[in-house]
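Here's a quick briefing to read alongside the model. Have the structure open as you go through the points.

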Amino acid sequence: MRVLIADDHPIVASGCRTVLADEPDIVFLEAPDAESAERIFVSEHPDICLIDINLPTVSGFELARRLLAQDAGARIIMFSMNHDPVFVARAIDIGAKGFVSKTGDPQDLVEAIHEVEKGGVYLPPELARSVAFAGPAMTSDPLSKLSSREMEILRLLCAGKSLSEIAWLVHSPYKTVANTSSIIRQKLGVRTSAELVRLAIENGVA
């Protein structure tokens, strides 16, 4: 079984190898960013993709979207320090088959990989409970109004990227990105870029 780890922290990849040291049938492929992960996915066809949400260029959500666009059957597990129910729900909506917290029990990672490899889905029990009982909190979150693509553009705006840079990063025309930026402001009820960034920071995006 080939497992692609998309994470820009070498110590995380090393930790994953250590956790899975007793699984001799696993071969690891590693990528520090979305672009190299996508290239490896296309050339090597890994069985499982373990993707960190916070990658250095585009996010893990955007990477997952790209991989699923190429192969709807891609088996993706999102892997993050952030285990907010909103992020877990967004990963599921995108099409991820599992979500594991980096601060959780290492055995969760082992179970997630084996369950997803068999064609199943996996959430650690505590994350499943947090999502199940977070209904009101998620619907009151202003960012829940945004699509995955809108969230990605918002994250990049908050990272200080220009519209032209964002267009290049998300493989979309400049005009589309500019229109999406306007739609984001309308949905969130803000008028300026400064207000948009402040709201995003308050809600854990930046």
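**Sheet and salt bridges at a glance**

Four bridges tie strand S1 (residues 2-6) to strand S3 (residues 48-52), and the two run parallel. Keep in mind that this is a predicted model.

- Five strands make up an open sheet, and its order reads S2-S1-S3-S4-S5.
- The pairing in this sheet is parallel.
- At the edges sit strand S2 (27-31) and strand S5 (98-101), each of them pairing on one side only.
- On average, neighbouring strands of the sheet are turned by 20° against each other, if you ignore direction.

- Asp52 and Lys102 form a salt bridge, with 3.4 Å between the closest N and O atoms.
- This pair connects distant parts of the chain, as the two residues are 50 residues apart.
- Asp52 belongs to strand S3, while Lys102 lies in the loop between S5 and helix H5 (106-117).
- Asp52 is buried, with a relative accessible area of 3%, whereas Lys102 counts as partly exposed at 22% relative accessibility.

**A pair within helix H3**

- What do the side chains of Glu62 and Arg66 meet in? They meet in a salt bridge, at 3.1 Å from N to O.
- Glu62 and Arg66 are separated by about one helical turn because they are four residues apart in helix H3 (residues 60-70).
- Glu62 is buried, with a relative accessible area of 2%.
- Arg66 counts as buried too, at 4% relative accessibility.

- Is Lys118 buried or exposed? Lys118 counts as exposed, at 62% relative accessibility, and Glu115 counts as partly exposed at 29%.
- Elsewhere, salt bridges that share partners join Glu38, Glu62, Arg65, Arg66 and Arg149 into one network.
- As background, side chains of opposite charge can pair when their charged atoms come close.

Note on methods
Residues numbered from 1 in each chain as written. Predicted model: local features only at pLDDT ≥ 70, side-chain atom pairs only at ≥ 80, totals over all residues. Heavy atoms only, no water. Pairing = 2+ DSSP bridges. Axes fitted to C-alpha atoms, helices over the stretch in contact; angles between N-to-C directions. Salt bridge = Lys/Arg side-chain N within 4 Å of Asp/Glu carboxyl O. Buried < 20%, exposed > 50% of the residue type's maximum accessible area, 1.4 Å probe, protein only.
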